[in-house]
Amino acid sequence: MDTIAATLYAGKTLSIRPLTHTDADLLVKWLSDPDVLAYYEGRDRPHDLAMVQEHYYDRAGNITGCIVQYNEEAIGYMQFYVVEEEERQAYGYEGFAGNLYGMDQFIGETPYWNKGIGTALIAFAANYLMTSKQADKIVMDPQAWNARALRAYEKCGFVKKAYLPEHEWHEGAYRDCWLIELERQPAGGPDK
């Protein structure tokens, strides 16, 4: 039986802890909510317990799944991973020798939407990857139509690097995405 895992990273109101098997019901709740699915996974893909098990627990690779907590309440999910060579090539990073991480996230508790928590989460998670994992760059590929998410990412310093036509399957069609990047600033800041 799982116990609640230790916190990976904690701030004043936000914290990130590893995903445990006891979180499966939370993922089912969030990933069967049409409002959440409109932005993450697609409303045509509500998840039951078997799908959550397959997509979030039984997967191969180096993905670290986490629960996002706000004032110690579980409100969302994030995952991060080292970007491997095949994806580096696809995104144009084949010559980049630094630590390249990818991340994805969503707030599953919709009452927490439109309160600035998503933007705070992005900055918080990026800070964790850069300080604890020594990420030199962090990349994401949000869908191009998701203006709200893109604004939040840009507020946190992410910049658009490449337009990715028909990149991700979502609700019955391939959707265009943006490759966005956040680069670690040298010690002393960008002007030093």
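**Burial, salt bridges, cores and a pocket**

Q: Why is Glu171 called partly exposed?
A: Its relative accessible area is 23%. Buried means under 20%, exposed over 50% and partly exposed in between (1.4 Å probe, protein chains only), so Glu171 falls in the middle class. This is a predicted model, in which local features need pLDDT of at least 70 and side-chain atom pairs count only at pLDDT 80 or more, while totals for chains, interfaces and linings use all residues. Residues are numbered from 1 along each chain as its sequence is written, and side-chain values use heavy atoms, with hydrogens and water left out.

Q: What makes Arg43 and Glu171 a salt bridge?
A: The closest N and O atoms of the two are 2.7 Å apart. A salt bridge needs a side-chain nitrogen of Lys or Arg within 4 Å of a carboxyl oxygen of Asp or Glu, so the pair qualifies. The partners are 128 residues apart: Arg43 is in the loop between helix H2 (34-37) and helix H3 (49-57), and Glu171 in the loop between strand S7 (159-170) and strand S8 (173-183). Helices (H or I, at least four residues) and strands (E, at least two) are DSSP runs numbered from the N terminus. Arg43, at 49% relative accessible area, is partly exposed.

Q: Why is His47 called buried?
A: Its relative accessibility is 3%, which puts His47 in the buried class. His47 sits in the loop between H2 and H3. Its side chain reaches the backbone oxygen of Arg45 at 2.8 Å. Beyond four places in sequence, His47 touches residues including Val28, Leu31, Val52 and Tyr56 (contact: heavy atoms within 4.5 Å).

Q: What makes a set of residues a nonpolar core, and which members touch the most others in the largest one?
A: The members are buried Ala, Val, Leu, Ile, Met, Phe, Trp, Tyr and Cys residues joined through side-chain atoms within 4.5 Å. The largest core has 48 residues, and Leu27, Met103, Ile138 and Phe158 touch the most other members. H5 supplies its largest share, nine residues. Apart from it lies another core of nine residues, among them Tyr81, Val83, Leu164 and Leu179.

Q: Which element gives the most to the lining of the largest pocket?
A: H6 does, with six residues. The helix H6 spans 147-155. The volume of this pocket is about 1300 Å³. Of its 47 lining residues, Tyr39, Tyr40, Gln105, Phe106 and Tyr153 are the closest to its centre.

Note on methods: A polar contact is a pair of N or O atoms within 3.5 Å; within protein, one must be able to donate a hydrogen and the other to accept it, and residues adjacent in sequence count only if both atoms are side-chain atoms. On a 1 Å grid over the protein atoms alone, a cavity is a set of points where a 1.4 Å probe fits but cannot get out, and a pocket is an open set with protein on both sides within 12 Å along at least five of seven lines; lining residues have an atom within 4 Å of a point. Grid points are joined across faces, edges and corners, and a volume is the space filled by probe spheres set on the points.
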